[in-house]
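We will walk through it one part at a time.

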Amino acid sequence: MRGKTTGLVASLLAAGLVLAACGSDTATTGSGGTSSPGSTGGSTSPAIKVGLAYDIGGRGDQSFNDSAARGLDKLKADLGVEAKELEAAAGETEAQKEDRLRQLAEGGYNPIIAVGFSYAESVGKVAKDFSDVKFAIVDDFTEGTDTGANIANLTFAENEGSYLVGVAAALKSQTGKIGFVGGVNTPLIQKFEVGFTAGVKATKAEATVDVKYLTQPPDFTGFNDPAKGETAANGMFDAGVDVVYAAAGGSGNGVFKAAKAKGKLGIGVDSDQYTLPSLTDVKDVILTSMIKQVDVAVVDFVTSIKDNKFVAGQKVYDLKAGGIDYATSGGKIDDIKAKVDEAKTKIVSGEIKVPEKK
Amino acid sequence: MSVGGLAVGLEVAPADRGKRLSPWVYALVAVAALVVLSVVRLLSGATDLTSAGTVQAALTAAVPLAMAGLAGLWAERAGVVNIGLEGMMVLGTFGAGYAGYQWGPWAGVVFGLLLGVVGGLLHAVATVTFGVDHIISGVAINLLAPGAALFLSKLYFSDAPGGGQKQSPRISDAPKVTIPGLSSLLADIEAKRWFFVSDLAGVLRGLTTEVSLLTLLAVLVIVGTAWVLWRTPFGLRLRSCGESPAAAESLGVNVYKYKYLALVASGAFAGLGGAFLAVSSGQYRDGQTGGRGFIGLAAMIFGNWRPGGLATGAGLFGYTDAMALRGSSAVHALLLLLGIALVVVAVIQYRSGHQLLSGVAAALGVLFGYWYFSTDEVPPELVGAAPYVVTLLVLGLAAQRLRPPRHAGEPYRRGQGV
């Protein structure tokens, strides 16, 4: 009797696990149907099927992933592509990432876009097994890991954009103390820090930059923990810092909350965070944002596939290529815009070389 | 209990030998700890060690952990091991997100609590009614809850303004209270940097300025738990189910009922912890709990399955966490503090006849002291590990007298007493 009920419960729990797995991997299949047939002017080639795997946060993160999603939405509207989007879960394993990409490749999706450097290893592995499928990885280019004849590495010159907001921070700071909150201490985020510090120092040599990373890899929760962002920013504000650059994904919300409570300023990242609906109640403390146009890269990549002009290897989206910019929404930096633009012109012309590494 | 974490770590050291220590002893230990903190602050110049900002951050970080620990306490005192706390907290964060953005923070707290109860009931049905292994059921809840929360958040938050598939729209924060007048007075004293006095002012200011009502609620709940479980017949019966369910049964206690009630309370507190986390960070996010349920469980064990102890443990975690996030100079000063604390532990252990432990503690203490004086900062890779290192050391060296409820984690079937 008891064995039977235990078995029953065990199977119920097992069913629960399966459900849980479904929950974290639910696919949202793009419609594409509204614009694809008929409107393409008699082209008989089947619609391009794009597979897109998000990083933690996924569509709706108001930041990095949403930028990729915007690119995909534009493709659906303009080119009538079909799309399948899969999301990552917090704390997942390498095998889960690999499975996700395999699932897309086996489902006939080509090209496949992996959003975020955490896919570096899995893209490298899966691309080897599906040599006729074209892959793109956003934010990573590691020789030997995710390079190959069918992989495009779409990277951004975050250091250049961070330099510009660094200039703005230095000009706006009253105390000469500026802060940087990084989500996770990875080479990618260090690139933001280096560029930012360079921008600050170039503008005001005596200014200091306080640097804090919320977590150390392999703990990636630092991108998703506003409470930690708030604590770190409060520590900086208490120490006299008055402008903090939050390169910390979702944890940045906590930085803005702290800035609002203490009457200080924050700088956003990836998207123009001033305009995001989820941040309306703290937007008056967002000085500017470093914009990383992942959507431009996504559209470029898929268009190149459509035109049969795929190029493997690294493609850098920098200030010059229009993949990076800074935001002026809110008008808080209107008075210093000329100076920031001057720096921008100098970077584009090559007069200023922004460092990438410490 | 909330005076700087390490301070309190020491409280555990002179463990009571069967007799209860008077409150004065605890007060004395707290004062002594603050003196040590003050000395370290003067030596290292790390003013953040006792600043109001640190204390505030430590409190905010400690509250969800303390609630998780309290949830574990209720379950284990009734004999059920609950490692599903993390999952129940996740349900709590979702509930707070769902109700919080629509009807305000307090509705969020209530909803978070209710969803936590659902998790607790699930655990009760599995472990009490069907006799499933407690660990299996707990793990299942930890896997099931994030999936369910994610599914629901996609359903309800995707189209909400400012929400996304993995995050809720913003929740307004719970009101915060400040004792008027006192706060600015204390701020003046704190700024003077006097030995001890300024430190005391800093700690007091942290405890009286901008304190969230949620924090006060958490304090009430902890005190209430201590009263209910140790001062009422109901509490005695509930604890008897964890110590010896067969004996309780023979005296006419309905063990199943008490285990159910305990798990409902356990789920409610875990949900509350999740709700606090979501409300104080202003929104629900997928993966927001970040292992806090497990840390809460560690805080409970650290606290020897007692409310005061677990609050101390949570405070210790919160304090080191705040330290690690706020500034690296303070973490560097923590090395010295740890060194001193370990030497104190060594002395206490030596006096109670544990030569080996005393030797290990003394050696480690000297090592930490050497580390402090020979370097200028702690490598960032180690800063994040500070809370865990401190807790491991305190657990390993100062607290050998832990005693879990005797029959916690064992399946109990009515009429088949052991």
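In chain B, A68(B), A71(B) and G72(B) of α3(B) meet L85(B), M88(B) and M89(B) of α4(B). Here, two residues are in contact if their C-beta atoms, placed from the backbone, lie within 7 Å. By class, this contact of α3(B) with α4(B) has 5 nonpolar residues, 1 polar and no charged ones. Ala, Val, Leu, Ile, Met, Phe, Trp, Tyr, Cys and Pro count as nonpolar, Asp, Glu, Lys and Arg as charged, and the others, Gly among them, as polar.

Please keep in mind that this is a predicted model, in which local features need pLDDT of at least 70 and side-chain atom pairs count only at pLDDT 80 or more, while totals for chains, interfaces and linings use all residues. Residues are numbered from 1 along each chain as its sequence is written, and chains are lettered from A and ligands numbered from 1 in the order in which they are written.

How do two packed helices get described? By the angle between their axes and the distance between the axes. Helix α3 of chain B covers residues 52–77 and helix α4 of chain B covers residues 85–103; they pack at an angle of about 125°, with their axes 10 Å apart. Axes are lines fitted to C-alpha atoms, for helices over the stretch in contact, and angles run from 0 to 180 degrees between N-to-C directions. α3(B) and α4(B) are therefore oblique to each other; angles under 35 degrees count as roughly parallel, over 145 as roughly antiparallel, 65 to 115 as roughly perpendicular and the rest as oblique. The crossing of α3(B) and α4(B) is right-handed: a crossing is right-handed if the near helix is turned clockwise from the far one by less than a right angle, and left-handed if anticlockwise.

Stepping back, chain B has 18 helices and 2 strands. Helices (H or I, at least four residues) and strands (E, at least two) are DSSP runs, numbered from the N terminus. The C-alpha trace of chain B spans about 60 × 60 × 40 Å along its principal axes.

Now for chain A and its partner. The contact between the chains takes 48 residues from chain A and 45 residues from chain B. On the side of chain A that touches chain B, α1(A) gives the largest share, 12 residues. By class, that side of chain A has 14 nonpolar, 23 polar and 11 charged residues.

Chain A itself is divided into domain 1 (46–156 + 295–317) and domain 2 (158–292 + 328–349), with bounds that come from an automatic or database domain assignment. The C-alpha centres of domain 1 and domain 2 of chain A lie 28 Å apart. Their contact takes 12 residues from domain 1 of chain A and 13 residues from domain 2 of chain A. Which helix gives the most to the side of domain 1 of chain A that touches domain 2 of chain A? Helix α2 (residues 64–79) of chain A does, with 3 residues.

Helix α2(A) also packs with helix α9 (residues 294–306) of chain A: their axes come within 7 Å and cross at roughly 40°. α2(A) and α9(A) are therefore oblique to each other, and their crossing is right-handed. The residues of this contact of α2(A) with α9(A) divide into 10 nonpolar, 2 polar and 4 charged.

Finally, two backbone details. The peptide bond from N110(A) to P111(A) is cis, with omega near 5°, and P111(A) lies in the loop between α3 (94–106) and β4 (112–115) of chain A. N308(A) has a positive phi of about 60° although it is not a glycine.
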